[in-house]
Amino acid sequence: MSKFQKAIQDMKKKREKVANDLAMYLTREVKLRSPVKSGHLRRNSGAEAEHEESKSKVFVGANGVEYAPIVHEGSTVKNIKPQPYIRDSIEQNLGEIKKMINEGLKVDD
C-alpha cells in the first residue's frame, strides 16, 4: 500500500470515528431535551451514523414514533405548541459539533 493510499484509509477511519462520536453526542443531547410524558419519545429518539466509501452521514430523529413530528413542529389544528428538541440539540451545540469535526479530522504531522 502506498503512502497516499494509507493516508486515504487513515482519513476514512477518522471520518467514520467522528461521525460515530457525533451520533453518540447528539443522541445524549436529544434525549436530554426530549419532552417527556410516557418516555416513549425519549427512548426512541437519537442519532445514527451511516458510512459509505466516500462519505459519512449522521441522522438525528425519533425512530418509529408517529407523533414525533407533531411534538417537534407543533400543530395549529390541534393547538400544540412546537417543542423543537431535535433542532435545538443541533443548533445549540454547533460550536461543539464543529470542534469535534475539526479535532477528529486533524491531519497528523
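Trainee: Leaving aside neighbours within four places in sequence, which residues is His72 in contact with?
Mentor: His72 is in contact with Pro82, Gln83, Pro84, Tyr85, Ile86 and Arg87, where contact means heavy atoms within 4.5 Å. Before you go on, this is a predicted model, where local features need pLDDT of at least 70 and side-chain atom pairs count only at pLDDT 80 or more, while totals for chains, interfaces and linings use all residues. Residues are numbered from 1 along each chain as its sequence is written, and side-chain values use heavy atoms, with hydrogens and water left out.

Trainee: Which helix is His72 in?
Mentor: His72 lies in helix H3. Helices here are DSSP runs of H or I with at least four residues, strands are runs of E with at least two, and both are numbered from the N terminus.

Trainee: And is His72 buried or exposed?
Mentor: His72 counts as buried because its relative accessibility is 9%. Buried means under 20% relative accessible area, exposed means over 50%, and partly exposed is in between, with a 1.4 Å probe and protein chains only.

Trainee: Moving on to the loop between H3 and H4, where Asn79 lies. What is the phi of Asn79?
Mentor: Asn79 has a positive phi of about 55°, although it is not a glycine. Asn79 is also exposed, because its relative accessible area is 71%.

Trainee: Next, Ser89. Which helix holds Ser89?
Mentor: Ser89 is in helix H4. Its relative accessibility is 0%, so Ser89 counts as buried.

Trainee: What does the side chain of Ser89 reach?
Mentor: The side chain of Ser89 reaches the backbone oxygen of Tyr85 at 2.6 Å. Beyond four places in sequence, Ser89 is in contact with Leu26, Glu29, Val30 and Arg33.

Trainee: Then take Arg33. Where is Arg33 placed?
Mentor: Arg33 is in helix H1. Arg33 is partly exposed, because its relative accessible area is 27%.

Trainee: What does the Arg33 side chain make a polar contact with?
Mentor: The side chain of Glu29, at 2.4 Å. A polar contact is a pair of N or O atoms within 3.5 Å; within protein, one must be able to donate a hydrogen and the other to accept it, and residues adjacent in sequence count only if both atoms are side-chain atoms.

Trainee: And which residues does Arg33 contact, leaving aside neighbours within four places in sequence?
Mentor: Tyr85, Asp88, Ser89, Gln92 and Asn93.

Trainee: Back up to the whole of H1. How many residues does H1 have?
Mentor: H1 runs over residues 3–33 and has 31 residues. From first C-alpha to last, H1 reaches 45 Å, close to the 45 Å expected at 1.5 Å a residue. The expected span is 1.5 Å times one less than the number of residues.

Trainee: Different topic. What about His40, which helix is that in?
Mentor: His40 is in helix H2. Residues up to four places away aside, His40 touches Val65 and Tyr67. The relative accessible area of His40 is 30%, so His40 is partly exposed.

Trainee: Last one, the pocket lining. Which residues lie nearest the centre of the largest pocket?
Mentor: Pro35, Lys37, Leu41, Tyr67 and Val71, out of 14 lining residues. Helix H2 (40–43) and helix H3 (68–73) are the elements that give two or more residues to that lining. The largest share, 3 residues, comes from H2. A pocket is an open set of points on a 1 Å grid over the protein atoms alone, where a 1.4 Å probe fits, with protein on both sides within 12 Å along at least five of seven lines; lining residues have an atom within 4 Å of a point.
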